[in-house]
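Please examine the structure shown below.

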Amino acid sequence: SVELNRLGMRQLTEGVTRLGLPFIPSVGNFLTIDLGREAGPVDQALLRLGVVTRPVANYGLPNHLRVSIGLPEENARFLAALEQVI
């Protein structure tokens, strides 16, 4: 599980970096991404594509989405959907 999480974190951080999006460094099982704009509409667009994320405006981060580390194919699906909606 630890190795799968480490690899998934690398997959997500490399993917969002490729998209030009900053993120809050993490050693947990999730990544918090700064979209540079209100995250709610992006979250809703992702949801319509079947990808569940968590906006964290209630933590004072209205431009951020939290995404859990998943299996490699789940991470790839998230990154593809994110690229499509941003």
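At what angle do helix α2 and α3 pack, and how far apart are their axes? The model is a predicted one, and in it helix α2, residues 39-48, packs with α3 at an angle of about 125°, the two axes lying 10 Å apart. Because angles over 145 degrees would be needed for a roughly antiparallel pair and 65 to 115 for a roughly perpendicular one, α2 is oblique to α3. The crossing by which α2 passes α3 is right-handed.

The contact between these two helices can be followed residue by residue. On the α2 side stand Val42, Ala45 and Leu46, and they meet Phe78, Ala81, Leu82 and Val85 of α3. In composition, this contact of α2 with α3 comprises 7 nonpolar residues, with no polar and no charged ones.

Helix α3 also packs with helix α1, which spans residues 2-18; here the angle is about 15° and the axes are 10 Å apart. Since angles under 35 degrees count as roughly parallel, α1 and α3 are roughly parallel to each other. Their crossing is right-handed. From α1, the residues Leu4, Gly8, Gln11, Leu12, Gly15 and Val16 take part, meeting Pro72, Asn75, Ala76, Phe78, Leu79 and Leu82 in α3. The residues of this contact of α1 with α3 divide into 8 nonpolar and 4 polar, with no charged residue.

Attention may now pass to the largest pocket, whose volume is about 260 Å³. Its lining consists of 13 residues, and those closest to the pocket centre are Val51, Val52, Val67, Ser68 and Phe78. Which elements each supply at least two residues of this lining? They are β4, residues 61-68, and α3, residues 72-85. Helix α3 gives the most, with 4 residues. By class, the lining of the largest pocket divides into 5 nonpolar, 4 polar and 4 charged residues.

How values were computed. Residues numbered from 1 in each chain as written. Predicted model: local features only at pLDDT ≥ 70, side-chain atom pairs only at ≥ 80, totals over all residues. Heavy atoms only, no water. 1 Å grid on protein atoms, 1.4 Å probe; cavity = no way out; pocket = protein on both sides within 12 Å on 5 of 7 lines; lining within 4 Å. Points joined across faces, edges and corners; volume = space filled by probe spheres on them. Nonpolar A, V, L, I, M, F, W, Y, C, P; charged D, E, K, R; others polar. Axes fitted to C-alpha atoms, helices over the stretch in contact; angles between N-to-C directions. Left-handed = near helix turned anticlockwise from the far one by under 90°. Contact = heavy atoms within 4.5 Å.
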